[in-house]
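This briefing sets out selected features of one protein model.

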Amino acid sequence: MAEKKTYNEDLLKMFEAAKQSPPEKLMFTYKGVLYASSTCNIETFQALEGFEARTDDIMLASYPKCGSNWTMQLLSDMIKAGYSRNELARLPVLEFAAPGKFEKLKQECSPRLLSTHLLYDEIPKNVFEKRVKIVVVIRNPKDTAVSFFHFYNGNPLLPTYTTWDSFYQDFVSGKVIWGSYFDQMVAWNKHIDDDSVYIVTYEEMKQDLTAAVKKMAGFLGISLNDEQVQKIADNGTFKSMKEKSKESYGDFGRVLFRKGEVGDWKNYFTKAQSQEIDAKFEEYLAGTKLGEMMNYNVYCK
């Protein structure tokens with residue numbers, strides 16, 4: 001409870017500081033990609049180059065608003081159940097700046113649960129050298145864009161968009177924090193057959209969360225009985241996560257957990273915008289294994 005309180009207090013401090021900043025100061029560019037100034041800085045990116053992974057680390061990788069906080073909770077519950085741990089340290093996203101973060105990471109007991117939104121090539125090389133098991137959660141691009149739009153507008157740490165159309169233009173051109181959705185999907189597709197990488201879709205988890213939990217645990221080598229799997233799935237539904245979000249994340253919970261629906265994009269996309277994303281999908285992902293996993297024609301047509 002003390003850790004949650006500290007985390008929520010830190011968030012409030014960041015919100016207050018962001019209110020005093022002009023919109024152009026809320027973001028910065030590093031290696032051609034936008035990041036939020038309140039959560040990331042160049043010093044942390046440079047320090048990441050020397051990050052020391054462990055062979056038994058577990059990492060969650062995702063593009064923003066693809067279900068990362070949801071999946072992080074599921075993985076946390078799996079580790080607690082599988083390793084008989086009452087609590088799991090809430091470690092910041094790997095690229096987030098936090099005082100003493102790297103020293104704290106060294107002191108954490110194994111297995112550590114790490115997370116990142118970084119592009120594949122920006123993830124510390126040591127993660128791949130140590131063959132860390134990586135769970136990658138992906139979501140169809142149209143729902144991702146809508147969720148990202150609301151995340152920007154509900155988040156005091158980011159600039160506000162006055163219209164969906166203006167945000168859409170930045171999303172489709174990769175001018176949002178953490179860069180291009182399609183660049184990240186293309187990169188993970190190249191590694192879809194790596195035995196240290198497991199890809200799960202947001203839609204798959206929405207359809208059958210129990211089966212998704214069982215598959216992820218199997219990939220991670222975490223032994224869970226059917227009762228444990230079901231309990232993790234029941235506690236990890238989007239509805240349950242949203243209800244507990246204020247306790248876990250304070251007022252920021254309403255920003256992280258909004259609707260959690262599949263198909264909400266139909267309420268926002270114009271016909272032309274939908275066709276443009278369809279064309280992007282055809283250009284970058286059609287005919288790929290990752291593109292096939294997305295079931296694009298089911299969820300985006």
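In what follows, two strands count as paired if DSSP finds at least two bridges between them. The model is predicted. On that basis, four strands form an open sheet in the order β4-β3-β5-β6, and their pairing is parallel.

**The sheet and its helix**

- The edges of the sheet are held by β4 (113–116) and β6 (197–201); each has a single partner strand, so one side of each is left without a neighbour in the sheet.
- On average, neighbouring strands of this sheet are turned by 20° against each other, direction ignored.
- Helix α8, which covers residues 181–189, packs on the sheet and touches β3, β5 (133–138) and β6. The direction of α8 makes about 135° with that of β5.
- Four bridges join strand β3 (residues 58–62) to β4 in the parallel sense.
- Within this part of the sheet, Ala61 stands opposite Thr116 of β4.

**Ser62, in strand β3**

- Ser62 belongs to strand β3.
- Ser62 has a relative accessible area of 1% and is therefore buried, the cut-off for buried being under 20%.
- With neighbours within four places in sequence left aside, Ser62 is in contact with Ser68, Thr116, His117, Val137 and Gln184.

**Val127, in helix α5**

- Helix α5 spans residues 125–129 and includes Val127.
- The relative accessible area of Val127 is 1%, so this residue is buried.
- Val127 touches Phe51, Ala53, Met59, Val132 and Ile134, when residues up to four places away in sequence are not counted.
- Val127 and Ile58 are 69 residues apart along the chain, and their C-alpha atoms are separated by 9.8 Å.

**Cys109, in a loop**

- Cys109 is placed in the loop between α4 (101–107) and β4.
- Is Cys109 buried, partly exposed or exposed? Its relative accessible area is 46%, and Cys109 is therefore partly exposed, a class that lies between the limits of 20% and 50%.
- Cys109 touches Arg54 and Arg85, not counting residues up to four places away in sequence.
- From C-alpha to C-alpha, Cys109 and Asp57 are 9.9 Å apart in space, while 52 residues separate them in sequence.

**Cavity**

- Rolling a probe the size of a water molecule over the atoms shows where empty space is left.
- How many cavities of 30 Å³ or more does a search of the whole structure find? The search finds one.
- The largest cavity has a volume of about 40 Å³.
- Its lining consists of Arg85, Leu88, Ala89, Leu91, Glu108, Cys109, Pro111, Arg112 and Leu113.
- By class, this lining has six nonpolar, no polar and three charged residues.
- Cys109 and Arg85 both belong to the lining of this cavity, and Cys109 also touches Arg85.

**Second largest pocket**

- The volume of the second largest pocket is about 230 Å³.
- Its lining is made up of Tyr30, Lys31, Tyr35, Phe45, Leu48, Glu49, Leu118, Asp121, Glu122, Ile123, Pro124 and Lys125.
- Seven nonpolar and five charged residues line the second largest pocket, with no polar residues.

Notes. Residues numbered from 1 in each chain as written. Predicted model: local features only at pLDDT ≥ 70, side-chain atom pairs only at ≥ 80, totals over all residues. Heavy atoms only, no water. Helix = DSSP H or I, 4+ residues; strand = E, 2+ residues; numbered from the N terminus. Axes fitted to C-alpha atoms, helices over the stretch in contact; angles between N-to-C directions. Contact = heavy atoms within 4.5 Å. Buried < 20%, exposed > 50% of the residue type's maximum accessible area, 1.4 Å probe, protein only. 1 Å grid on protein atoms, 1.4 Å probe; cavity = no way out; pocket = protein on both sides within 12 Å on 5 of 7 lines; lining within 4 Å. Points joined across faces, edges and corners; volume = space filled by probe spheres on them. Nonpolar A, V, L, I, M, F, W, Y, C, P; charged D, E, K, R; others polar.
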